[in-house]
Amino acid sequence: MIPVPAITRVLLAAGVTDMRKGFNGLSALAEKVLKQDPYSGHMFVFRGRRGDLLEQFMF
């Protein structure tokens, strides 16, 4: 398990995300869709199509 500081916000992108976007594509989603700074230190969670895969990124 990755330790996460208590002040870290976790933002969940609702809906299906194309996981082939990679690091740069997901950071662009965080900026454009979630209207958040991708380098803020918060955790962004994206859901895959099948629903059994979650990707988390802390930029």
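## A β-α-β-β model at a glance

The protein has one helix and three strands, where helices (H or I, at least four residues) and strands (E, at least two) are DSSP runs numbered from the N terminus. Along the sequence they follow the pattern β-α-β-β. The radius of gyration is 11 Å, close to the 10 Å that the globule rule gives for 59 residues, so the protein is as compact as a globular protein of that length. That radius is taken over C-alpha atoms, and the rule is 2.2 Å times the number of residues to the power 0.38.

This is a predicted model: local features need pLDDT of at least 70, side-chain atom pairs count only at pLDDT 80 or more, and totals for chains, interfaces and linings use all residues. Residues are numbered from 1 along each chain as its sequence is written, and side-chain values use heavy atoms, with hydrogens and water left out.

**Overall dimensions and contacts**
- Taken along the principal axes, the C-alpha atoms fill a box of roughly 30 × 25 × 15 Å.
- Of the contacts (heavy atoms within 4.5 Å) with a separation of 6 or more, 50% are between residues 24 or more positions apart.

**Core and burial**
- Buried residues make up 29% of the 59 residues; buried means under 20% relative accessible area, exposed over 50%, and partly exposed in between (1.4 Å probe, protein chains only).
- The largest nonpolar core has six residues: Leu11, Ala13, Leu26, Ala30, Phe44 and Phe46. Such a core is a set of buried Ala, Val, Leu, Ile, Met, Phe, Trp, Tyr and Cys residues joined through side-chain atoms within 4.5 Å.
- At least two residues of this core come from each of strand E1 (10-13), helix H1 (22-32) and strand E2 (43-47).

**Surface and charge**
- The mean positions of the 8 positive and 5 negative charges are 6 Å apart. Lys and Arg count as positive and Asp and Glu as negative, while His and the chain ends are not counted; each charge is placed at NZ of Lys, CZ of Arg, CG of Asp or CD of Glu.

**Two residues to look at**
- Leu12 sits in strand E1 and is exposed, with a relative accessible area of 58%.
- Leu12 and Leu26 are 14 residues apart along the chain, and their C-alpha atoms are separated by 12 Å.
- Lys35, in the loop between H1 and E2, has a positive phi of about 55 degrees although it is not a glycine.
- Lys35 also counts as exposed, at 66% relative accessibility.
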